[in-house]
Amino acid sequence: MTQSPQGLTEFHWLIEVLQTVDVGILVLDLEYRITAWNGFMENNSGINSTQALDQSLFTVFPEVSQEWFKHKADTVVQLRNRAFTTWEQRPFVFKFRHNRPITGVTEFMYQNCTFIPVISTSGEVENLAVIVYDVTDIATGKIELNLVNQRLAQLSRTDGLTQLYNRAYWETLFSSEYMRLQRQEAEVCLIMLDIDHFKRVNDTYGHQAGDDVIRAVSKAIRDNSRTTDIAGRYGGEEFALLLLDSDAQNSYQFAERLRKKIAALQVATEAGILQVTVSLGVARWLPQFQHHGQWIEAADRGLYRSKDQGRNQTSIEAG
Ligand SMILES: Nc1nc2c(ncn2[C@@H]2O[C@H](COP(=O)(O)OP(=O)(O)OP(=O)(O)O)[C@@H](O)[C@H]2O)c(=O)[nH]1
């Protein structure tokens with residue numbers, strides 16, 4: 001370890017250990033001048049210790065926030081207590097490149113740091129030591145795990161064919177919205193939508209073309225709804241859409257607009273361009289519903305009426 005004149009010159013073996021240990025050791029005086037640092041700091045910064053000694057920390061490491069560092073260091077010196085900083089609070093204090101294969105997560109070494117007041121023989125705090133731990137492996141492992149978990153959570157909520165919410169997740173959102181309405185009434189409408197004569201599409205043009213149609217209808221639902229609307233694939237060719245802050249009349253108009261957009265779609269499939277229609281049922285939330293299933297039944301009744309009356313239409317179910 002390179003050191004100031006008053007340093008630990010007697011302890012060659014100790015110096016050797018400090019010099020080669022796989023953590024960074026940096027000692028500063030109370031003016032933030034570097035009085036000692038070890039091989040880890042030298043190797044990772046690429047700065048020779050003779051160039052760094054007696055220099056201001058902030059000159060040698062301009063990336064270190066002066067305000068933040070001084071606040072941290074002053075507290076340590078005044079309270080004579082250790083302080084810590086973790087990679088989760090601040091990914092790094094010193095901007096060192098890590099030497100791992102490319103992680104895709106970061107170019108830089110994640111660090112945990114400990115700040116230690118160094119008390120002299122006279123009992124005064126005359127120096128501050130900073131110990132730097134390379135925690136890149138732990139940090140990247142945790143970040144990657146979080147990303148995978150987020151992806152898994154998203155996959156478990158999403159229908160693979162349509163990218164809409166799957167039925168299970170849609171029902172979770174639907175029932176929590178229903179519970180919210182028990183506490184706080186609002187104009188919220190449920191639309192159930194089903195592709196007309198879809199079996200024929202499959203039977204005539206094949207399952208693959210059927211899938212293309214389902215995807216196109218889903219995209220139309222996504223493209224035409226608001227971000228606050230909650231759209232899910234409820235069954236094979238049946239969709240559920242919850243419109244927040246929308247009364248029956250507005251919801252009916254929305255449903256009709258969507259119906260016309262879908263009827264106008266030219267769906268490109270292996271079997272050629274296909275056109276389909278949909279039938280819809282609209283039911284607004286009513287305080288007299290006993291449970292959320294009744295709301296779905298109401299929208300379904302509207303949907304069946306649309307089917308019975310010739311399909312390609314929207315029916316409002318009053319209650
Ligand atoms: N291609 C494809 N077909 C599906 C999928 N899920 C369900 N189906 C088919 O969708 C069809 C639904 O048919 P039915 O419930 O009889 O209804 P329909 O033919 O649409 O008739 P109506 O609803 O009365 O207009 C069935 O043939 C299912 O096999 C899917 O993911 N892909």
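**Helix packing and the ligand shell**

The crossing of H9 and H10 is right-handed, a crossing being left-handed if the near helix is turned anticlockwise from the far one by less than a right angle, and right-handed if clockwise. Helices (H or I, at least four residues) and strands (E, at least two) are DSSP runs, numbered from the N terminus. The structure is a predicted model, in which local features need pLDDT of at least 70 and side-chain atom pairs count only at pLDDT 80 or more, while totals for chains, interfaces and linings use all residues. Residues are numbered from 1 along each chain as its sequence is written.

The axes of H9 (residues 207-224) and H10 (residues 248-263) come within 10 Å and cross at roughly 140 degrees. Axes are lines fitted to C-alpha atoms, for helices over the stretch in contact, with angles from 0 to 180 degrees between N-to-C directions. H9 is therefore oblique to H10; angles under 35 degrees count as roughly parallel, over 145 as roughly antiparallel, 65 to 115 as roughly perpendicular and the rest as oblique. On H9 the contact involves Val217, Ala220, Ile221 and Asn224, and on H10 Arg257, Leu258, Lys261 and Ile262 (C-beta atoms, placed from the backbone, within 7 Å). These residues comprise five nonpolar, one polar and two charged. Ala, Val, Leu, Ile, Met, Phe, Trp, Tyr, Cys and Pro count as nonpolar, Asp, Glu, Lys and Arg as charged, and the others, Gly among them, as polar.

H9 also packs against H8, their axes coming within 6 Å and crossing at roughly 140 degrees. H8 is therefore oblique to H9. Phe198, Val201, Asn202 and Tyr205 of H8 meet His207, Ala209, Gly210 and Val213 of H9. This contact has five nonpolar, three polar and no charged residues.

The ligand is surrounded by 16 residues, of which the closest are Asp196, Phe198, Lys199, Gly210 and Gly236 (C-beta atom, placed from the backbone, within 6 Å). Strand S6 (189-195), helix H8 (198-205) and H9 each give two or more residues to this shell. H9 gives the most, with four residues. The shell divides into four nonpolar, five polar and seven charged residues.

Technical notes
Two residues are in contact if their C-beta atoms, placed from the backbone, lie within 7 Å.
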